[in-house]
Structures are given as structure tokens and as C-alpha cells.
Amino acid sequence: QVQLVESGGGLVQAGGSLRLSCTASGRTVTMGWFRQAPGKERGFVVGITWSGGTYYADSVKGRFTASRDNAKDTLFLQMNSLKPEDTAVYYCAAAYTTLDLRSAKTYVFWGQGTQVTVSS
């Protein structure tokens, strides 16, 4: 069992930046971020494989940058040019495969989530 602990959420004005972190208690192949806004389904944000292959949702391309430190089993998400529509609970997730990493069903471990609120 791998535990994921997120940190770094908060309140920021539109156009601002936040950096999220997620530390895993064990090694996994793919780590990712999903987000869920009130009344909406949980949606894919970014997935990053052990080798560094990174895949973004179109809505965050060019604004968000994911990276991981394999030695520390830690995933980061640098979020720039934030918009009010980025407001959501952000969940860190981890999987043992690189297949279909845009699907929430691929991930077997989930963090508790961290709130990101972007004010207009």
C-alpha cells in the first residue's frame, strides 16, 4: 500500500501561481494530478511516468508544469497563470502502469486532496 500526501494548495488571485507537492511512501511507475470542482467529475490534469514522459490536459498546457523527483518519490505541479476555472480540489494519484494514464481508473492510490482556489 502506497500513501500519498499532498501539500501546497491555497488561495490565489487570477494570474498568480501555486506549487503543489505530493510525496509517496513507496515507488510507483506513473504519478499524476486530477482535479474536481464542485458539481463536476474528477478530471485529468497531468500524468508523468517514471522515465519522465509527461502528458497534460489541453486546458493546462503551457500554464502548468509537472516534474518528479524519483529519488524522493515526490511529484510537483507548478501552476502559473491561474484562472478562476482552475479552482478545484487537486488529487495526487499513482499507478503501476504507463498505459491509459489519462484515465482515473488506471490509478490505484490516491491522496486526500488539496484545495486550490483562484479568485477573479
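Start at the disulfide: the torsion about the S-S bond of C22 and C92 is about -80 degrees, so this disulfide is left-handed. (A disulfide here is a pair of cysteine sulfur atoms within 2.5 Å.) The model is predicted: local features need pLDDT of at least 70, side-chain atom pairs count only at pLDDT 80 or more, and totals for chains, interfaces and linings use all residues. Residues are numbered from 1 along each chain as its sequence is written, and side-chain values use heavy atoms, with hydrogens and water left out.

**Stop 1: the disulfide**

Select C22 and C92. Their sulfur atoms are 2.0 Å apart. C22 belongs to strand β3 (residues 18-24) and C92 to strand β9 (residues 88-95), so the pair ties together parts that are 70 residues apart in sequence. Strands (E, at least two residues) and helices (H or I, at least four) are DSSP runs, numbered from the N terminus.

Buried means under 20% relative accessible area, exposed means over 50%, and partly exposed lies in between (1.4 Å probe, protein chains only).

**Stop 2: the open sheet**

Now colour β1, β3, β8 and β7. They make an open sheet of four strands in the order β1-β3-β8-β7, with antiparallel pairing. β1 (4-7) and β7 (64-69) stand at the edges with a single partner strand each, so one side of each has no neighbour in the sheet. On average, neighbouring strands of this sheet are turned by 15 degrees against each other, direction ignored. For such angles, axes are lines fitted to C-alpha atoms, for helices over the stretch in contact, and angles run from 0 to 180 degrees between N-to-C directions.

Zoom in on β7 and strand β8 (residues 74-79). They pair in the antiparallel sense over six bridges. Two strands pair if DSSP finds at least two bridges between them. Pick A66 and look across: L77 in β8 stands opposite.

**Stop 3: strand β4 and its partners**

Select strand β4 (residues 30-36). Six of its seven residues are buried. β4 pairs with β9 in the antiparallel sense over seven bridges. Click M31; its bridge partner in β9 is A94.

W33 has V46 as its bridge partner in β5, and F34 has F44. β5 is mostly covered as well, with six of its seven residues buried.

Follow the chain through the turn. β4 and β5 form a hairpin with six residues between them, and G39 in the turn has a positive phi of about 80 degrees.

Go on to strand β6 (residues 54-56). Three bridges join β6 to β5, and the two run antiparallel. G47 has Y55 as its bridge partner in β6. The hairpin of β5 and β6 has four residues between the strands, and G52 there takes a positive phi near 100 degrees.

As you look along any of these strands, keep one rule in mind. In a regular strand the side chains alternate between the two faces of the sheet.

**Stop 4**

Select T30 in strand β4. At 0% relative accessibility, T30 counts as buried. A polar atom of the T30 side chain lies 2.7 Å from the backbone oxygen of T97. Show the residues that T30 touches: among them are I48, R68, A94, L101 and Y107, not counting residues up to four places away in sequence. Contact means heavy atoms within 4.5 Å.

Next, find T106 in the loop between β9 and β10 (109-110). At 14% relative accessibility, T106 counts as buried. Beyond four places in sequence, T106 touches A95, T97, L99, D100 and L101.

**Stop 5: the nonpolar core**

Which residues touch the most other members of the largest nonpolar core? Select L4, M31, W33, L77, M79 and Y90, out of 35 residues. A nonpolar core is a set of buried Ala, Val, Leu, Ile, Met, Phe, Trp, Tyr and Cys residues joined through side-chain atoms within 4.5 Å. The elements that give two or more residues to this core are β3, β4, β5, β7, β8, β9 and β11 (114-119). β9 gives the most, with six residues.

Finish on M79. Leaving aside neighbours within four places in sequence, M79 is in contact with G16, S17, L18, L20, R63, F64, Y90 and V116.

Terms used:
A polar contact is a pair of N or O atoms within 3.5 Å; within protein, one must be able to donate a hydrogen and the other to accept it, and residues adjacent in sequence count only if both atoms are side-chain atoms.
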